[in-house]
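Please keep the sequence and the structure in view while reading.

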Amino acid sequence: QGLAPLNSDTEADRLDWSELDSTLGALPTLPEGLRAGGVSKTLTNEYWRSLGEGYQKFADANGVNLAYQAAQSEGDQLGQLTIAEGMVTQGYNVLLLSPQTDANLQPVLEQAAAAGIPVVNVNDAVIPGAEHYVGNVQRDNGVRVANWFIENYPEGGKVAVIEGQPGVFAAVQRTDGFTATIEASGKFEVVASVPGNWDRQLSYDAATNILNQHPDLIGFYANNDGMALGIVEAVKAANLKDQVAVFGTDGISDAYASIRAGDLTGTVDSFPVLTGEVAMEVALRLVGGQDLPRVVATPQALITADNVDRYSGEGVDVRAVLLEDATK
Amino acid sequence: MTVSRLAFDGVTKSFGPLQVLKGVSFDVAPGEVHGLLGENGAGKSTLLKILSGVFKPTDGRVLIDGRPIDAHGPVSARRAGIAMIHQELQQVPRLTVAQNMFLGRPLTRFGVIVDHREQESLAAQALKVIDPHIDPAAPIGSLKVAQRQIVEIARALLEDAKIIAMDEPTSSLTPSEFDRLAEIILDLSGRGVSVVYVSHKMEEIFRICTRSSVMRDGSLVGLVKMSETDQKTVVQMMVGRELSQQVHTSFATEQVVLEARNVSSDKVRDVSLTLHRGEVLGVAGLVGAGRTELLRLLAGADERSTGEVFIDGESVALRSPREAIASGIGLVPEERKREGIVPLRSVQNNIVLASMSRFAPRGIINGGRLKSISAVTLKETGLRPFAPEREIRRFSGGNQQKAIISRWLAAETRIFLFDEPTRGIDVGAKAEIYALIEKLAKEGKSVIVVSSELPEIIRLSDRVLVMREGRLAAELIGDEITEHAIAASAIPQSTVNDAAEEAAIVTNTSL
Amino acid sequence: MSQATSKPETGLFQATISRFSVRDAGTLIGLIVIMAVFAILVPGFLSERNLLNILQQSSINACLALGMTLVIISGGIDLSVGPTAALSAVLTATLLVIGIPAPVAIAVGLAMGAACGLFNGFMVAIVGLQPFIVTLGTLSTFRALALIYTGGNPVLGIPDDFRAIFNGSIFGVPTPVVIVGLVAFVAWAVLKKTPFGEYLLAVGGNEEAAHIAGVPIARTKIAAYAISGTLAALAAMILIGRLGAAEPILGNLWELDAIAAAAIGGASLMGGKGSVVGTILGAIILGAMRNGLTLMNVQSFYQLLATGLIILAAMLIDRATRGRE
Amino acid sequence: MSQATSKPETGLFQATISRFSVRDAGTLIGLIVIMAVFAILVPGFLSERNLLNILQQSSINACLALGMTLVIISGGIDLSVGPTAALSAVLTATLLVIGIPAPVAIAVGLAMGAACGLFNGFMVAIVGLQPFIVTLGTLSTFRALALIYTGGNPVLGIPDDFRAIFNGSIFGVPTPVVIVGLVAFVAWAVLKKTPFGEYLLAVGGNEEAAHIAGVPIARTKIAAYAISGTLAALAAMILIGRLGAAEPILGNLWELDAIAAAAIGGASLMGGKGSVVGTILGAIILGAMRNGLTLMNVQSFYQLLATGLIILAAMLIDRATRGRE
Ligand SMILES: Nc1ncnc2c1ncn2[C@@H]1O[C@H](COP(=O)(O)OP(=O)(O)OP(=O)(O)O)[C@@H](O)[C@H]1O
Ligand SMILES: Nc1ncnc2c1ncn2[C@@H]1O[C@H](COP(=O)(O)OP(=O)(O)OP(=O)(O)O)[C@@H](O)[C@H]1O
Ligand SMILES: [Mg+2]
Ligand SMILES: [Mg+2]
């Protein structure tokens with residue numbers, strides 16, 4: 001295939017999720033007994049379970065069977081490869097892959113192509129040879145948080161980043177988006193950018209150390225919500241809750257709860273359930289023989305106490321809200 | 001018949017298909033010192049390990065005062081009043097002497113705190129009767145083998161047992177230490193304690209035992225009263241054949257094979273010696289005199305701090321055993337279990353280690369050669385049972401020793417260094433090893449023998465060096481080699497007036 | 001024959017030495033060197049507040065490492081401490097959340113840890129499997145149980161009375177530091193003063209000799225694993241008190257840190273050797289290193305590099321001070 | 001005294017046994033049981049295609065586990081195989097990308113692996129540090145070097161000629177399986193037939209005795225680590241051939257799988273004992289299990305549970321077949 005290596009953040013051949021129906025029309029009718037296979041990173045993180053929920057929801061609505069599996073732990077690259085290869089062997093009709101790394105599911109792409117099975121790369125790591133990608137812009141997570149700081153602290157100040165596992169795509173992109181944007185503003189100083197390895201305890205300790213050294217810190221950005229919640233505890237323990245803003249990424253339910261409780265300042269929600277639905281829709285459209293652009297972008301939003309009720313709670317239809325956002 | 005203190009009743013023991021005890025029955029009266037004799041591998045240690053609860057018998061019973069020991073295990077055996085001195089030192093190197101002596105039944109305050117002070121003072125009392133120099137608070141790993149063996153004895157004495165089983169308690173002790181042990185045993189016997197005593201040293205058996213059971217191939221072949229028999233008869237019973245007693249013949253030549261000039265190491269001080277082709281050079285001295293270290297130095301196992309060594313007139317560095325082996329030197333070490341064998345490997349795989357180039361001429365081990373060369377060398381040493389493919393740890397101590405000697409035979413070693421070559425080895429095998437050493441000399445090999453048994457030194461050596469506190473104290477040749485002369489130079493000057501010590505060494509005779 | 005070891009002066013000297021061994025001195029030197037380097041590079045590193053911080057941050061690892069030390073001394077290893085902690089954490093947290101009083105919930109959590117340890121000990125001592133592989137198996141098993149029990153979600157909403165127990169301070173020293181200090185003292189006393197401690201050293205030092213001497217081998221080993229499990233649970237209590245949430249994925253890779261602390265502190269993975277003081281120093285070395293690297297804002301790849309190099313350096317310093325054994 | 005061991009029938013029997021030991025038979029039974037269970041539960045599990053698939057998926061772990069087996073036999077352990085593989089992978093990949101011919105790039109990559117192993121071996125055998133802690137240190141160090149070297153980015157665009165080497169098949173058998181099969185055969189021959197194999201078993205079995213017998217201790221140990229490093233690099237080549245990219249975070253947790261395979265196959269972490277055939281069977285057991293569970297669509301938490309339980313079960317089966325030693 002003559003496809004250039006995919007960069008999901010800059011690919012020109014892209015479509016926003018909200019334009020799927022308008023651009024491509026209704027979902028084509030599908031054959032009976034379709035089987036879709038979803039392979040995600042790990043189920044130990046709520047994000048990936050929610051993504052699966054979205055798959056399931058859309059699959060159920062269209063009478064499609066879904067098998068949703070994940071590696072045993074984050075970083076189990078070969079285990080994930082085994083799972084995905086098993087799905088090719090078993091003749092699933094379409095695969096939705098969220099690879100551990102950019103490369104570890106590459107062979108599946110080739111095997112699936114040989115078997116005529118369409119593959120959708122869903123979020124996070126980007127398989128360079130992927131023909132279809134559904135997800136958000138990782139870098140944008142960090143950019144949004146940086147912009148919040150720039151807007152809310154015109155005077156600038158000291159901020160710190162707690163990163164995910166060294167070398168992991170999402171961690172690198174989110175950190176880079178945040179750091180580049182906030183430093184470009186000229187008023188902020190990123191005094192620390194250290195690894196928290198997606199681990200609450202490490203993030204807690206790191207945050208404590210940073211606060212000790214920089215008692216005048218005004219904010220933290222964490223590469224995911226679990227780490228952000230650890231930082232919140234460290235900030236509370238240091239009695240700096242009123243001074244230090246803490247942001248996470250992902251929008252897991254605990255983060256929402258914490259925002260409501262006034263602990264966490266905000267999170268960049270990338271709406272995993274909706275992302276799952278969109279990804280499944282894209283997958284089924286492919287099975288139905290439609291031509292789709294290479295990238296379908298899914299929404300994300302910075303959630304803070306100001307807008308939290310708009311995005312979650314009794315009777316909130318997130319899909320509708322996001323559609324509204326998208327048309328703004 | 002009165003109830004005996006201890007009775008073995010048809011005791012049988014198998015390890016897998018191998019039956020090592022075949023219905024052994026005998027009994028021991030209260031206060032009796034009962035010898036247990038037999039060649040290497042006869043099953044003596046196995047029997048005593050059953051007594052002390054280490055092994056469960058496959059069949060048969062052990063009765064104490066007419067009652068069978070119920071639950072089997074070291075603890076129940078101890079509760080039944082049995083104490084044991086094991087052939088292999090069973091100690092935890094990092095614990096202190098006292099901790100080792102009270103291991104498994106520590107003295108405590110309030111039931112939770114170990115009373116180290118009390119343990120140490122009791123340990124010191126028990127040790128005092130044999131060797132007052134042993135510090136009960138020292139880590140046992142820092143002691144010499146002989147001292148560790150004394151600790152084992154003292155531990156058994158501490159237990160206040162009805163029956164004490166001693167499995168070669170004197171294998172690394174000096175004759176004078178045996179004397180003190182003998183006194184203790186007789187005293188115990190006077191107080192009604194029964195002792196089962198295993199030794200390959202006939203004179204010890206005859207000195208302290210009233211009766212002895214003789215074993216061969218796992219069966220009891222006789223029960224003798226010591227007063228009604230002699231060494232020759234007993235030995236014949238053990239081996240089932242008559243041993244020929246040989247006199248010493250010298251094959252020494254004038255050609256110097258090995259020369260050490262002013263070598264020193266940690267415990268060796270400025271020693272010079274020469275070794276000739278076909279010569280057997282004995283090295284005598286008290287335990288701790290540095291003989292082991294001298295051999296280790298020559299074998300490249302210890303670092304040399306000063307001096308030079310020449311082989312066939314050429315200076316050699318001897319930085320490792322490997323280099324020494326390349327120069328034709330092989331060491332048969334004193335502590336078999338620690339320095340001799342690789343326990344999980346077969347006998348032949350243990351042999352092959354020192355002479356790989358012979359077994360693997362083209363980088364691949366030749367299975368045929370492996371079998372044939374090891375078989376030849378093992379036949380020479382007389383391995384029993386002759387099973388070169390069996391794991392070496394499944395053999396008795398004496399047979400393990402034969403395997404190690406075979407290793408050097410296979411390596412075509414020219415200079416053999418024997419450190420206590422017959423420690424824990426039975427009379428039959430002992431004679432075989434003596435014959436072997438003589439054969440080596442006859443074939444033009446050179447031998448250094450370190451031994452604490454003076455008769456052994458005298459029987460084997462063309463020339464004797466006596467070491468004292470790391471230095472050479474004397475060199476004796478021909479008629480000068482007498483037990484008295486050796487003993488006189490071995491004793492440190494400070495204790496020369498200790499007549500008892502001197503006398504003890506002189507009276508030791510073996511076989 | 002024997003060297004006189006009974007000169008009166010050596011008596012006192014030896015007593016001091018035995019309280020603080022040469023080996024521990026080596027570890028202490030390692031710690032001092034690392035502290036000195038950071039003190040030069042990082043202003044405020046030696047402030048009282050930061051030092052307490054280091055102790056607090058080392059306390060969890062120290063707690064685990066103490067249990068690990070006992071297991072290592074017994075000749076074993078416990079790779080399952082992290083998942084054991086996770087199981088205890090999620091169990092205690094759910095109990096707390098449904099309103100069970102803190103002491104009861106803590107007791108149940110510790111019992112859970114002990115039960116995990118008992119299982120490991122049973123497999124090692126009674127069934128006779130290799131410790132490394134048993135605890136490798138339970139590493140997955142316990143983790144899976146914690147994940148299944150919670151469905152993978154953290155348990156939130158841990159009540160404040162529970163958190164207060166572990167988040168307070170006593171005379172200015174953080175409670176976790178005090179707790180772990182007490183545990184260390186008890187562990188030290190157990191190892192040096194009780195029959196059990198002696199049995200541990202004997203079992204790890206020469207199992208056959210210990211068996212022959214009548215040491216209850218199986219019971220000793222099982223107890224070591226049970227203690228390790230209980231201390232893992234205690235570490236979990238400290239952590240969930242601090243974080244206010246119990247995650248089923250908590251304790252990832254804790255075993256490596258704990259083993260590193262014990263090894264830096266002089267425990268031999270061959271068994272029969274290990275020091276409580278050394279282990280505590282080892283844990284503080286690792287804690288100080290993490291703290292210092294964060295304060296220096298070392299980039300993540302280089303932090304990883306420094307972690308590796310400092311473990312190697314600590315062992316080299318130790319090796320140099322002590323000489324080959 | 002001895003029971004005759006030389007009856008003619010036993011001769012042949014023993015020969016067969018010594019080629020395929022009782023212990024290996026235990027592992028084989030374990031594998032057969034697992035295969036049988038999956039064959040019943042999963043239609044198509046025993047299809048030729050799936051069996052080849054299992055072999056292919058086991059090949060990387062088997063490759064590592066072979067090196068690990070040699071290290072374990074020598075009385076050591078190598079926790080750094082994953083990062084070693086990562087270093088070799090990114091190095092080879094960068095060379096390939098700038099146009100260096102595949103054979104040269106492969107040679108350099110393997111040399112990198114060997115160098116990592118040499119470093120471990122040097123620290124263990126010459127400096128005298130504990131293997132666990134040395135390789136724990138290099139686990140971080142090598143990983144950090146791989147990350148720093150690549151800036152954390154994967155190296156993409158590995159040319160097809162290189163990938164073809166590892167992605168083809170020979171008489172229908174995937175090349176990686178053939179390669180690892182060859183490596184296993186060589187390892188088996190080395191262990192059974194060469195002086196080096198003999199030395200390994202002796203060094204791990206009783207180092208002191210081996211030393212006195214003239215075995216070159218240091219060289220033997222260093223060689224074991226160097227082989228382990230080289231095989232880790234070979235595993236990396238196979239992987240980047242399959243993936244078409246080399247990532248610095250490749251090889252995460254590989255060491256645990258490799259150790260599990262070796263241990264299931266009968267290697268003793270005390271040293272002196274281990275089997276090439278057993279290790280290969282152990283790797284296949286782990287591979288078959290993963291494959292079967294995936295085909296059954298078992299949820300990942302339960303897969304984790306099954307992994308743990310199967311490691312324990314394999315050891316129990318082995319234990320039962322073999323009896324206590
Ligand atoms: N610190 C030690 N640790 C372990 N073993 C030791 C130590 N010191 C000495 N030994 C061992 O103790 C034994 C006796 O030591 P030494 O060499 O001093 O006596 P010797 O003259 O060889 O006497 P003998 O051979 O009769 O015991 C040797 O096997 C030696 O290796
Ligand atoms: N654990 C074991 N497994 C298999 N065979 C064993 C085991 N222990 C001892 N044997 C065998 O039992 C036989 C008797 O050994 P034992 O140690 O009792 O002999 P011994 O009379 O004490 O010999 P020695 O005088 O050499 O000490 C020997 O053939 C030995 O190989
Ligand atoms: Mg014996
Ligand atoms: Mg000696």
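This is a predicted model: local features need pLDDT of at least 70, side-chain atom pairs count only at pLDDT 80 or more; totals for chains, interfaces and linings use all residues.

A backbone N or O atom of B:G41 is found 2.8 Å from an oxygen atom of ligand 2, and a polar backbone atom of B:A42 is 3.2 Å from an oxygen atom of the ligand. Ligand 2 taken alone exposes 640 Å², and 89% of that area is buried by the protein.

## The shell around ligand 2

Ligand 2 is surrounded by 19 residues, of which the closest are B:N40, B:G41, B:S45, B:T46 and B:R394. Sorted by class, this shell has 10 polar, 5 nonpolar and 4 charged residues.

Three elements of chain B, namely β2 (18–28), α1 (44–51) and α15 (397–410), each supply at least two residues of the shell around ligand 2, and the largest share, 3 residues, comes from α1(B). In terms of domains, domain 1 (6–239) and domain 3 (343–411) of chain B each provide at least three residues of the shell around ligand 2.

## The magnesium ion, ligand 3

The magnesium ion listed as ligand 3 is coordinated by OG of B:S45 and OE1 of B:Q87, at 1.9 to 2.1 Å. This pair links distant parts of the chain, 42 residues apart, with B:S45 in helix α1 of chain B and B:Q87 in the loop between β6 (82–85) and α3 (97–101) of chain B. B:S45 is also one of the residues closest to ligand 2.

Are the two coordinating residues, B:S45 and B:Q87, buried or partly exposed? B:S45 counts as buried because its relative accessibility is 17%, under the 20% limit for that class. B:Q87, by contrast, counts as partly exposed because its relative accessibility is 23%.

## Ligand 1 and its surroundings

Turning to ligand 1, an oxygen atom of this ligand is 2.8 Å from an N or O atom in the side chain of B:E334, and an oxygen atom of ligand 1 is 3.4 Å from an N or O atom in the side chain of B:E420. A nitrogen atom of ligand 1 lies 3.3 Å from an N or O atom in the side chain of B:K267. Taken alone, ligand 1 exposes 600 Å², of which the protein buries 84%.

There are 15 residues around ligand 1, and those that come nearest are B:G290, B:R291, B:T292, B:E293 and B:E334. By class, the shell has 6 charged, 5 polar and 4 nonpolar residues, and its largest share, 3 residues, is drawn from α9(B). Because domain 1 (6–239) and domain 2 (246–328 + 414–510) of chain B both give residues to this shell, ligand 1 lies between them.

## The magnesium ion, ligand 4

Which residues coordinate the magnesium ion listed as ligand 4? The donors are OG1 of B:T292 and an OE atom of B:E334, at 1.6 to 2.5 Å. Here, too, the pair links distant parts of the chain, 42 residues apart: B:T292 belongs to helix α9 (residues 291–298) of chain B, and B:E334 lies in the loop between β18 (329–332) and α11 (336–340) of chain B.

Both B:T292 and B:E334 are buried, and both are also among the residues that come nearest to ligand 1.

Note on methods:
Residues are numbered from 1 along each chain as its sequence is written. Chains are lettered from A and ligands numbered from 1 in the order in which they are written. Side-chain values use heavy atoms; hydrogens and water are left out. A residue is near a molecule or strand if one of its heavy atoms lies within 4 Å of it. A polar contact is a pair of N or O atoms within 3.5 Å; within protein, one must be able to donate a hydrogen and the other to accept it, and residues adjacent in sequence count only if both atoms are side-chain atoms. Accessible areas come from the Shrake-Rupley method with a 1.4 Å probe; for residues, only the protein chains shown count as cover. Helices (H or I, at least four residues) and strands (E, at least two) are DSSP runs, numbered from the N terminus. Ala, Val, Leu, Ile, Met, Phe, Trp, Tyr, Cys and Pro count as nonpolar, Asp, Glu, Lys and Arg as charged, and the others, Gly among them, as polar. Domain bounds come from an automatic or database domain assignment. Donors are N, O and S atoms within 2.8 Å of the metal (3.2 Å for Na, K and Ca); water is not among the atoms, so sites may look incomplete. Buried means under 20% relative accessible area, exposed over 50%, partly exposed in between (1.4 Å probe, protein chains only).
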